[in-house]
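Visitor: Hi, could you walk me through this protein? I'm new to reading structures.

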Amino acid sequence: MDVFLTKFNFSQPSSSLRNNSSHLIDEFDEKLLNPDPGERVPIDKYSLRIRDDVRRHYIQNGSCQPVDHKFPKTLFGNKMRQFSSGWFKGSYSRWLEYSVKKDAAFCLCCYLFKNDYVYGSTSDSFTKTGFKAWNKASERLDLHVGKVNSFHHKCFNKMLDLSNQSQSIQVAFDKQSEKQRNEHRIRLNASIDVVRFLLYFGLSFRGHDESDFSKNKGLFLGLLEWLAKRLPEVDRVILKHAPKNDMMTSPKIQKDIVSACAQETMKAIINNLDGDYSGILVNESKDFSHHE
């Protein structure tokens, strides 16, 4: 819920709060997105409407890693230290960034998703001011990454989810072969036909025992088996020949089809009335001659 709420500082005057809320960037302009992490606009300054577009832009362009840059040296104690381009390799390669402007290291994934979590000082140095204590670089980088459930790991996983659109359900469905889609339609249509038959005659669906070895699995599964025996093109794709995650026979699927039938029936009745009034006979009263 944090992404939908604004945490107000009640010590500020109300006019200041109104001004802050009106300063969100609401238009996506790729030319204004600075590649240098030290000069970027904080992600929470973009409106929710375009925030994911901004995130996708930075993810697609990758971390800012100027490998050929001549990194300046800084005196720590009695030794000169500098950022090492070798840190761009290995486990840090997907998220570690370097700002030429600030001579500091930043974390791409924490910058993109830091507003989704409550974050601490170890992440602030990699998202706000930048990290530049080169004499303690290995220690601080490992501390920033932390354990599996750390703030950084949560942000990194969110970045992977947003970038790896190929794992989405819609894309996976689109990649299915025409053969798989046709087989799915056959299974679905067979289940719909059986449901419509049972609803028409007001019959029960399920049996007491629907296991593979049961002799009375109920009318729904029984009719599907009956269809399979008479239609070879249906038999080769339903029940035992169907994928375990796409059988179209579970009680939930049956209820969904029944609900869809009820909605379509209601639509047909309403369309048939065409805006006219209708009456429903709920109970009847007969006189002595047994006339209603």
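Visitor: How many residues are in it, and what share is buried?
Guide: The protein has 292 residues, and buried ones make up 30% of them; buried means under 20% relative accessible area, exposed over 50%, and partly exposed in between, with a 1.4 Å probe and protein chains only. This is a predicted model, in which local features need a pLDDT of at least 70, side-chain atom pairs count only at pLDDT 80 or more, and totals for chains, interfaces and linings use all residues. Residues are numbered from 1 along each chain as its sequence is written, and side-chain values use heavy atoms, with hydrogens and water left out.

Visitor: And what is the average pLDDT?
Guide: The average is 82, and 85% of the residues score at least 70, where pLDDT is the predictor's confidence in each residue, from 0 to 100. Over residues 1-21, however, the pLDDT is below 50. Where pLDDT is low, the predicted coordinates should not be read in detail.

Visitor: New topic: is Asp246 buried or exposed?
Guide: Asp246 counts as buried because its relative accessibility is 15%.

Visitor: Which residues is Asp246 in contact with, beyond its neighbours in sequence?
Guide: Leaving aside neighbours within four places in sequence, Asp246 is in contact with His184 and Arg187, contact meaning heavy atoms within 4.5 Å. With Arg187, the side chain of Asp246 makes a polar contact to the side chain at 2.7 Å; a polar contact is a pair of N or O atoms within 3.5 Å, and within protein one must be able to donate a hydrogen and the other to accept it, while residues adjacent in sequence count only if both atoms are side-chain atoms.
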